[in-house]
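Dear colleague,

Please find the structure below, together with its sequence. A short account of the findings follows it.

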Amino acid sequence: MTRPFRQGHSDPTVQPVPASVVEQVDAADTTLSNPKWAVISIGSNLGNRLETLQGAVDALEDTPGVRVKAVSPVYETEPWGVEPGSQPSYFNAVVVLRTTLPPSSLLERAHAVEEAFHRVRDERWGPRTLDVDIVAYADVTSDDPHLTLPHPRAHERAFVLAPWHDVDPQAQLPGRGTVADLLSGVTREGVAPRADLELRLPE
């Protein structure tokens, strides 16, 4: 069953995908042409943070060749690299998906989703409406500066490891070991689960 690429509020990306591309990728998707698993980290500390994260999940699901398989619980995280109290806290979550897109195309889509929510990259540790990072893509390891896989700092970030472990306790970070072991070796200070908040898995 193909899923039409929906425009409008459910998919706020700026650039529509050409119909020919939709048909090609959906054809590959419906035949399950060697789909790969990928893990995406999403975070927001400006505006309606929960609504923004849900919008990111929905936009990923609306991407031809992408199927969201799991969405983690939400964590509230103190910002990294800045003075305490100088920025709002983040809401963070992890999305596990299957995709027929290559890593470079998935990265382009991640950036498009960020831009749709008016992400501005003007300072390294600046506040942002939405951050979408590829944490891992199958067992791929790459030192490409455009897209380093797995994410070069994922192994030391509790706000990535904790929600990932919640949705897949047996998960492994390629080249680094099990997520459970990595999580046991980092501090969870400033990273708190928000049981009162929930992201919906797209239908």
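**Findings: one loop and the salt bridges**

Pro150 is located in the loop between β5 and α4, where helices (H or I, at least four residues) and strands (E, at least two) are DSSP runs numbered from the N terminus. This is a predicted model, in which local features need pLDDT of at least 70 and side-chain atom pairs count only at pLDDT 80 or more, while totals for chains, interfaces and linings use all residues. Residues are numbered from 1 along each chain as its sequence is written, and side-chain values use heavy atoms, with hydrogens and water left out.

The peptide bond from Leu149 to Pro150 is cis, with omega near -10°. His151 belongs to the loop between β5 (131-137) and α4 (158-167). His151 is buried at 12% relative accessible area (buried: under 20%; exposed: over 50%; partly exposed: in between; 1.4 Å probe, protein chains only). Leaving aside residues up to four places away in sequence, His151 touches Asp133, Ile134, Val135 and Arg157 (contact: heavy atoms within 4.5 Å). Ala138, in the loop between β5 and α4, has a positive phi of about 50° although it is not a glycine.

The structure holds three salt bridges (a side-chain nitrogen of Lys or Arg within 4 Å of a carboxyl oxygen of Asp or Glu). Glu76 pairs with Arg49 at 3.9 Å, linking strand β3 (residues 75-77) to helix α2 (residues 49-61). Glu76 also forms a salt bridge with Arg194 at 2.7 Å. Asp196 forms a salt bridge with Arg194 at 2.8 Å, and Asp196 is exposed at 56%.

With kind regards
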